Amino acid sequence: MPPPPRDRGGSARRARHPARGLALLAGLLLAAAALTLVLGRGPAGWGVIAPGLCASFLPLRATALLAAASAGALLAGAGAILQRLTANPMAAPEVLGVTGGAALGYAATLFLQTAPGPGALALGAGLGGAVTLAGLSALAFGRDIAPARLLLAGLAIGAFASAVLAAIIATGDPRAWAILGWLAGSAAAVTPAAALALAAAAAALLAALLLAARWLEILPLGPALCRALGLP
């Protein structure tokens, strides 16, 4: 449980009408998605996709768009959870070293297995991130360290992971290109099944966040207030 945050001489600002802001963002997202589906760049420059090519291009673009949006939603949810757990607005998966741990898990799966599939690679990356977060949690609970020091520990883990991955890529092994592509991030080769799985995971995370909204609101207040408000 994070310690109580220091008084910064003011309360957090809240939107008076959050539903309006969410509706505006949703509208902008739908508009950007529609433009992404029909606009493209060809030899003559930017323009609308020709009607004869819609049947072949639209499914590919829709799949990549769904995967990218779902991955972004999952990252946003993970960042929000970590910020509440650590009572620090700077917390994020990459800052806490979770992204580096996931990359090491991905690389380990790629090198330890012969031709691993997408499921095995995703599981390896997930286990790497989970082990990193578990280690940071054990460090925080064992020494009761402040959130700022927890972020420093996460940055150290991320730097270590970056150094290991850079050494792997420098070897010139063909599998290093797969690691580099995974680190860069691309939805070009995603399959419809993988895109639907990401969308389902994003929907499940959103549902879990809504169910735990009260806990996430109380957590940054510190252990004493949390116990007084009924949160273990």
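What follows is a conversation about the labels and the values behind them.

Modeller: This is a predicted model, in which local features need pLDDT of at least 70 and side-chain atom pairs count only at pLDDT 80 or more, while totals for chains, interfaces and linings use all residues. Residues are numbered from 1 along each chain as its sequence is written, and side-chain values use heavy atoms, with hydrogens and water left out.

Biologist: What is the mean pLDDT of the protein chain, and where is confidence lowest and highest?

Modeller: The pLDDT is the predictor's confidence in each residue, from 0 to 100; its mean over the protein chain is 82, and 91% of the residues reach 70 or more. Confidence is lowest in strand β1 (residues 39-42), with a mean of 73, and highest in helix α7 (residues 192-211), with 92. Over residues 1-11 the pLDDT is below 50, although this stretch has 22 contacts in the model beyond near neighbours in sequence, a contact being heavy atoms within 4.5 Å. Where pLDDT is low, the predicted coordinates should not be read in detail.

Biologist: How many helices and strands are there in the protein chain?

Modeller: The protein chain has nine helices and two strands, where helices (H or I, at least four residues) and strands (E, at least two) are DSSP runs numbered from the N terminus. From the N terminus on, their order is α-β-β-α-α-α-α-α-α-α-α.

Biologist: What makes tyrosine 106 and tryptophan 182 a stacked aromatic pair?

Modeller: Rings of Phe, Tyr and Trp (its six-membered ring) pair if their centres lie within 6.5 Å, and planes under 30 degrees apart count as stacked, over 60 as edge-to-face and the rest as tilted. For tyrosine 106 and tryptophan 182 the centres are 4.6 Å apart and the planes 15° apart, which is stacked. Because tyrosine 106 lies in helix α3 (residues 98-112) and tryptophan 182 in helix α6 (residues 174-184), the pair ties together parts that are 76 residues apart in sequence.

Biologist: Why is tyrosine 106 called buried, and why is tryptophan 182 called partly exposed?

Modeller: Buried means under 20% relative accessible area, exposed over 50%, and partly exposed in between (1.4 Å probe, protein chains only). Tyrosine 106 has 9% relative accessibility, so it counts as buried, whereas tryptophan 182, at 33%, is partly exposed.

Biologist: How do you know that arginine 84 and glutamate 217 form a salt bridge?

Modeller: A salt bridge is a side-chain nitrogen of Lys or Arg within 4 Å of a carboxyl oxygen of Asp or Glu, and the closest N and O atoms of arginine 84 and glutamate 217 are 3.9 Å apart, so the pair meets the definition. This pair links distant parts of the chain, with arginine 84 in helix α2 (residues 54-86) and glutamate 217 in helix α8 (residues 213-218), 133 residues apart. The structure holds two salt bridges; aspartate 173 and arginine 175 also meet in one, at 3.1 Å from N to O.

Biologist: Why is leucine 25 called exposed?

Modeller: Leucine 25, found in helix α1 (residues 18-38), has a relative accessible area of 55%, and therefore counts as exposed. Together with Leu22, Leu24 and Leu28, Leu25 forms a nonpolar patch on the surface, with about 440 Å² of accessible area. Such patches are made of residues with over 30% relative accessible area and no salt bridge, with like charges joined within 9 Å and nonpolar side chains (Val, Leu, Ile, Met, Phe, Trp, Tyr) within 5 Å.

Methods: Areas by Shrake-Rupley, 256 points an atom, 1.4 Å probe, with all protein chains shown as cover.
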